[in-house]
Number of protein chains: 2
Amino acid sequence: MSRRGRAPRRLDETEAVRLFARAFGTPAPGIELGIGDDAAVLALGRERLVWTVDGQVEKTHFERAWVTLADVGFRSFQAAVSDLAAMGARPLAALSALSLPRGFSGKDLERLARGQAEAARACRCPIVGGNVARGPLLSVTTSVLGTARRPLTRGGARPGDEVWLVGDVGLAAAGLALFQSGRMRARDRASLRAYTAFRRPRALLARGMALVGVAHAAIDVSDGLALDAGRIAGASACRIVLEQRALERALPAPLVALAERLGRSALDLALTGGEDYALVVTGAARQRPRFARRIGRCEKGRGAVWESADGSSRPLAGGFDHFAS
Amino acid sequence: MSRRGRAPRRLDETEAVRLFARAFGTPAPGIELGIGDDAAVLALGRERLVWTVDGQVEKTHFERAWVTLADVGFRSFQAAVSDLAAMGARPLAALSALSLPRGFSGKDLERLARGQAEAARACRCPIVGGNVARGPLLSVTTSVLGTARRPLTRGGARPGDEVWLVGDVGLAAAGLALFQSGRMRARDRASLRAYTAFRRPRALLARGMALVGVAHAAIDVSDGLALDAGRIAGASACRIVLEQRALERALPAPLVALAERLGRSALDLALTGGEDYALVVTGAARQRPRFARRIGRCEKGRGAVWESADGSSRPLAGGFDHFAS
C-alpha cells in the first residue's frame, strides 16, 4: 500500500513500537524473544539472557521538584529492573547512560549516583559501566541484563486462567497527587507510604522469580493496570476481564482514604496510575501463590474488559502514555 | 577530607566518570571488568559477555542539518558497536532507547530506524528491543552485547610495545568541517570520502576480532587520537609516545589535501578529530598485522607524549570532550 499523500499519523507510543518492530523485527538466530515484551531473550549456550532498557527523562517521567536526585536515581533503576521481575529473571548487572544538563554539578551527580547505587545494592544488580553525555535535560537510561532458564512473557495467558495482582497499584499515583496538591500530611502514615511508593518503588524480583513455572504470563505495571492488562490480552490473543469486586478487595488499605482526600476514585487510581511496578500475572487457580490476589479472569476473545459490580462490562481503556502526554 | 566549603568543581567527562566509578565501583562476583574501559566484561559460565552503551544527543553529538536521520541512526549504532570492536568482541545483539522530540513524525522514526537497521545488518548485530520516550531533543542510546573469550582492554600496554593505528583518523573531522564551511565539492572523491567517514563510520569489528591474542591493549578513537592514546597510557600505567614521522606516514591519503583546503593541519585533524572509530592498539613489533600501521611506541613512564620530527617532545593534550563543550 502506498503511503504517499497520506496525512502523517500522530506518533504515539504504540505506533512508535509498531514502527520499531517493523524496522528491526527480522528474526535472527539465538534471539528467542525480540521487540514487544518486557525484555528481549537471547539464547547463549544453556543460558537465557534477559535484557532490557528503560529511559527516564526529566519533565516527561519526573520533575526535579517532586523528588530528590537520589530518588531519581533510585526509581529509574527500579523501573528498569522491574522488567526483569516481570520475566522472572535474576539480575546480572546494569549499565547507566546519563544525559546531564549544563549546571549539573559534581555534587548533583554524586546524589543521583547514590540513589542508583542504593537501588543496585537492593536488587543485587551491580552497575558495571555507562556513558555520560551533555544534554538539555536530565535523563537516565538504564540497561539491565539478567538470566532466566524459562522467562515469563506477556504472551502465555490462556482462557480459564485467573488474573492475579502481585504488589500494590494506585499508591504511587496517589502519592504524587498528594505531593503536587499540597495535601501531604506530616506524620500521616498513609500519605507517607503513598509518596514513598512514588519516590522509592521496588521491583518485585523475588516474587517474579517465584512465579516461574507457576504463572502463564506476566507484565509489570508501569503505565497503569488497565493499559498493561490490555498488553497481556494483545500478546496472548485472549480477553482479560478485570472484575470490580475482586479488584476492590485487592486495593492497598490506605488507597481508599487517600483517594477520598484527593477527590478521586480509588479504582481509577488503581486502573490508571502507573509506576508502582506491581506485576499482573495469569495462571491456574490451583497454582495461585499466597502473595498473589485474584483480580479477574482470562477468557476467549480480545482486549481488556472491565466488569462492574452490577455485572455490566465495558472495554478498558486508559493508563498513562508518557509518550503522548 | 571534608568537602564542605569547597567551591563546586566544574563537571567534565573525566570527573563524571571518576564520580561514577566511585559510586558504583564495588567489585562484584562475575564482573571481570567494570567502569573505565570501552565496555564491561561479565563472566557467564565459560563465556565472557562484553557489554557497552553509547548515547548520542542532538546538538551535542550531531546537528540535524549535518546529516540525514538515517545517518543519525547509522552512526549512533556504529559508535556503540565500535566499543565491541576495541575489545575484540563479536556482537550478539543491541537495544535502542530513543528520546523523540515533539513533532518527530512516524516517517522521521522510519528514517532513523532505517539507518539503525542498516548498521545492525552490516555489523550482524540485530536490534532486539528498546524504549521510546518523549524528550526535548532527539537522542539515541544504544546498548550492545557481545561475546569474547579473551577481551582486549585498555590496560595491557607494556613498555617496548609498538603503538599501532588500525583504520583512518582525521577524515571524519575533515568531512564535517568541509560540510560546515561549504567547501564540499561535488564530484570530488576526497571530500566525499571524508564526509562519508563522518556520516557513515564503520566499526572495525573484524579487525578487532583479528587482534585478539595478538594485541596487548586497544581502544577505539571516538574523541581523538591524542585523548584516546592518553587513556591507554593511563589504564596501562605506561607512557605512549606518538611519533610525528610515523603518524605522517599513516595519514589517510586525502587528508593532507583536504586539510590544506580547510586551512588546517592534517596532523591536528588526525590528533584531535574524533568519530572515525579507528583503533589504537599496542603490541609486539613482530606481531603487527598487515592492516596495522606503526605510529609510536610504549615506554616506561606516564601519559601520552608527542615526539616531533626534530626529536623534541611535549605532553599530548587535546581531543574532543563532548561533555565540556
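Helices (H or I, at least four residues) and strands (E, at least two) are DSSP runs, counted from the N terminus. This is a predicted model, so local features need pLDDT of at least 70 and side-chain atom pairs count only at pLDDT 80 or more, while totals for chains, interfaces and linings use all residues. Residues are numbered from 1 along each chain as its sequence is written, and chains are lettered from A and ligands numbered from 1 in the order in which they are written.

**Stop 1: a loop in chain A**

Select A:R124, in the loop between α3 and β5 of chain A. Check its backbone: phi is positive, about 50°, although A:R124 is not a glycine. For background, most residues other than glycine have a negative phi. Is A:R124 buried or exposed? A:R124 counts as exposed, because it has 12 C-beta neighbours inside 10 Å; the cut-offs are 20 or more other C-beta atoms within 10 Å for buried, 12 or fewer for exposed, and partly exposed in between, with C-beta atoms placed from the backbone.

**Stop 2: another positive phi**

Now jump to A:E275, in the loop between α10 (266-272) and β10 (279-283) of chain A. A:E275 is not a glycine either, yet has a positive phi of about 70°. This residue is buried, with 26 other C-beta atoms within 10 Å.

**Stop 3: two helices in chain A**

Select 171-180 and 253-262 of chain A to bring up helices α4 and α9, which pack at about 35° with their axes 10 Å apart. (Axes are lines fitted to C-alpha atoms, for helices over the stretch in contact, and angles run from 0 to 180 degrees between N-to-C directions.) α4(A) passes α9(A) in a left-handed crossing, meaning that the near helix is turned anticlockwise from the far one by less than a right angle; clockwise would be right-handed. Show side chains for A:L171, A:A174, A:A177 and A:L178 on α4(A), then A:L255, A:L258, A:A259 and A:L262 on α9(A): these make the contact, where contact means C-beta atoms, placed from the backbone, within 7 Å. By class there are 8 nonpolar, no polar and no charged residues here. (Ala, Val, Leu, Ile, Met, Phe, Trp, Tyr, Cys and Pro count as nonpolar, Asp, Glu, Lys and Arg as charged, and the others, Gly among them, as polar.)

**Stop 4: between the domains**

Colour chain A by domain: 29-147 is domain 1 and 154-315 is domain 2, with bounds from an automatic or database domain assignment. Their C-alpha centres lie 23 Å apart, and each domain of chain A puts 21 residues into the contact. On the domain 1 side, α2 (69-87) and β4 (90-100) of chain A are the elements giving two or more residues. α2(A) gives the most, with 12.

**Stop 5: where the chains meet**

Bring in chain B. Here 62 residues of chain A are in contact with 62 residues of chain B. On chain A, elements giving two or more residues include α1 (13-24), β3 (47-57) and α3 (106-122). The chain A side divides into 36 nonpolar, 17 polar and 9 charged residues. How do the copies relate? Chain A can be laid on chain B with an RMSD of 0.0 Å by a turn of 180° and a shift of 0.0 Å along the axis, which is the relation of a two-fold axis. The superposition is by least squares on the C-alpha atoms of residues with pLDDT of at least 70 in both. The copies meet through the same surface, because 100% of the interface residues of chain A are also interface residues in chain B.

Terms used
Two residues are in contact if their C-beta atoms, placed from the backbone, lie within 7 Å.
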